[in-house]
Amino acid sequence: MAYLTLKGINKIYPNGYHAVHDFNLEIEKGEFIVFVGSSGCGKSTTLRMIAGLEDISSGEFLINGEYANDKGPREREIAMVFQSYALYPQMSVYDNLAFGLTLQGVDEDVIDQKVKHVAHILGLTDYLDRMPRALSGGQRQRVAVGRAIIRKVGIFLMDEPLSNLDAKQRVTMRAEIAQIHRETGATTIYVTHDQIEAMTLADRIVIMKTGYVQQVGTPYELYFKPANLFVAGFIGEPPMNFIRRTVHDGCIQIGDTKLDISAKLGTLTKTYEGKDVHFGFRPEAIVLGKQDNAYVLDAKVELTEMLGDNTNVYVNIADANAILKVNPHDTPETDSDIVFSIPFDRVYLFDSETENVIDTEGATAAV
């Protein structure tokens, strides 16, 4: 196991493109860290700098407290799993798994023992004589993971390893990767654009946007305590609903309903007078009908999606659209008028200029 430190890491390409801005992170031994964000946010570039496949333009990268900027990939003792599997097509599964150990000059008997052990862990025992082209996508990905873990390095890097798999295979492989991490205890950094992978695998998640870190935290923290509008809208499926309104006398107007948000704004109520805020709530936070200690809104149902365990209800609230997640047994009719409640403690307010969360109990948005 290894611990990693990234201090003020920047990546600037020769054409002047600034891909990663002032990236700072401490990664503990044995931690499972996930970098998540949309395409082009800098997550894979950061991973490649950690791997030694990209030069660091400025900043310090340390492995176990030792300066590692100038170390090559092999010197960093890192194993990497790529999106494309990167298997040797002319080699059998056995030889693909054994290749790294063979290069290191490991004794054949030891190699055979390790290959068979890893194959057993990953359910590949019956496929050791097959060539990669004879395997399914999920099986090839297992070989790629196996080739990484067989080397017993302290750091695993995974760059969107499940993106080429179908939905069922992704669920299976997520569980297998989580199990492998528990068994090996290796420090793991995993890159994905899929928030479900991030939420189910990570000890901590790093959310990135256009090269900047937006928030670092546990899945719980990112879901329940988002730092800004981007994080709140990125984490959660369906995403959080946002309604932008102007504050007057501590209230906002949504349709014919006036909502008193002064308790949420607290001491900042006067500061936000005449300013816009985003009123946010998650689709699953609502309750159909009127409820005490909650904001109550009227809406018109435009569309419903029955998903089995729940129904997504697309509604119009005055001039705003929102998605509500309800019990499938309580699915309202299309074109019907409904009333729903949002408990006070499930509502978020965001500054419309800075897009930071307005949190009077913790970090407060700058205005």
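Modeller: Two strands pair if DSSP finds at least two bridges between them; helices (H or I, at least four residues) and strands (E, at least two) are DSSP runs, numbered from the N terminus. This is a predicted model, in which local features need pLDDT of at least 70, side-chain atom pairs count only at pLDDT 80 or more, and totals for chains, interfaces and linings use all residues. Residues are numbered from 1 along each chain as its sequence is written, and side-chain values use heavy atoms, with hydrogens and water left out.

Colleague: Which residue in β5 stands opposite I63?

Modeller: Strand β4 (residues 58-63) pairs with β1 (residues 4-12) in the antiparallel sense over 5 bridges, and there L4 is opposite I63. β4 also pairs with β5 (residues 66-67), antiparallel, over 2 bridges. In β5, the residue opposite I63 is E66.

Colleague: Which residue takes a positive phi in the hairpin of β4 and β5?

Modeller: The hairpin has 2 residues between its strands. The one with a positive phi, near 55 degrees, is N64.

Colleague: How many residues of β18 are buried?

Modeller: β18 (residues 320-326) pairs with β17 (residues 311-317) in the antiparallel sense over 7 bridges, with Y314 opposite I323. Buried means under 20% relative accessible area, exposed over 50%, partly exposed in between (1.4 Å probe, protein chains only). By that cut-off β18 is mostly covered, the buried count being 5 of its 7 residues.

Colleague: Which residue with a positive phi follows α2?

Modeller: Helix α2 (residues 93-103) has buried residues including V93, N96 and L97. Their cover includes α3 (108-121) and α4 (137-149). After α2, with a phi near 75 degrees, comes G105.

Notes:
Contact = heavy atoms within 4.5 Å.
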